[in-house]
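Have a look at the picture, then read on.

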Amino acid sequence: TRAVEADPRHEYAHIVFGYVKFRQDRLDEAIQSFDRAIECDESSYFAPYFRCCCLLAMGRAAEGLAWVDGHEAHWANAGTMTGHLAWHRALFALETEGPAAVLADFTGRYQGGDSEEYLDLCNDIALLQRLALQPLALPAGEVGVVDGRGRAFRGGAGGEGVEDTFKTIGG
């Protein structure tokens, strides 16, 4: 509290104060602190990250997805956190739009690509694991990689996933 009082325009003071509230399970108050941090520095990426954590913990996926999409310009160049914030977007989308939508966005939006960052690799693995645990209905003819072994499935006439040919992820 003293740090926020001493310098109410200091982004990190609000982030730390919000994090304390987050750990105390005072999530609505934490979100307010993270919003203040973003007001102090719109290029902040820790505040959006923790804000996403709060919304996930509260089960507010639709609100989270709308917020992330509306603020993407603020965190799109967040260095190693960019992929992780996109991963949070994927978790919101998984609950609101379903696994097929997340899978369709995987290679373009979520996958770490050629990154050698450990966090990007963890994001990719965690997202693919979550997708593997979800039932998936693909539109007829659409192909998607849906399991950790890189198996490709093509949507059947009824929307069920029909195993196509074995392909490797990215191959």
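The protein chain has nine helices and three strands, where helices (H or I, at least four residues) and strands (E, at least two) are DSSP runs numbered from the N terminus. Along the sequence, the pattern is α-α-α-α-α-α-α-α-α-β-β-β. This is a predicted model, in which local features need pLDDT of at least 70, side-chain atom pairs count only at pLDDT 80 or more, and totals for chains, interfaces and linings use all residues. Residues are numbered from 1 along each chain as its sequence is written, and side-chain values use heavy atoms, with hydrogens and water left out.

Of the 171 residues in the protein chain, 40% are buried; buried means under 20% relative accessible area, with a 1.4 Å probe and protein chains only. The chain exposes about 9300 Å², and carbon and sulfur atoms supply 52% of that; the areas come from the Shrake-Rupley method with a 1.4 Å probe.

**Two helices side by side**

How do helices H4 and H7 cross? The axes of H4 (residues 46–58) and H7 come within 10 Å and cross at roughly 20°, so H4 is roughly parallel to H7. Axes here are lines fitted to C-alpha atoms, for helices over the stretch in contact, and angles run from 0 to 180 degrees between N-to-C directions; roughly parallel means under 35 degrees. From H4, the contact is made by Pro48, Tyr49, Cys52, Cys53, Leu55 and Leu56, and from H7 by Met81, His84, Leu85, His88, Leu91 and Phe92. Contact means heavy atoms within 4.5 Å. These residues divide into ten nonpolar, two polar and no charged, where Ala, Val, Leu, Ile, Met, Phe, Trp, Tyr, Cys and Pro count as nonpolar, Asp, Glu, Lys and Arg as charged, and the others, Gly among them, as polar.

His88 belongs to H7, which spans residues 81–96. Ala37 sits in helix H3 (residues 27–40). The table gives their relative accessible areas.

| Residue | Relative accessible area |
|---|---|
| His88 | 3%, buried |
| Ala37 | 0%, buried |

Which residues does His88 touch, leaving aside its neighbours within four places in sequence? His88 is in contact with Tyr49, Cys52, Cys53 and Leu56. With the neighbours within four places likewise left aside, Ala37 is in contact with Glu11, His14, Ile15 and Ala47. The C-alpha atoms of Ala37 and Phe17 are separated by 9.8 Å, and these residues are 20 apart along the chain.

Technical notes
Buried < 20%, exposed > 50% of the residue type's maximum accessible area, 1.4 Å probe, protein only. Parallel < 35°, antiparallel > 145°, perpendicular 65-115°, else oblique.
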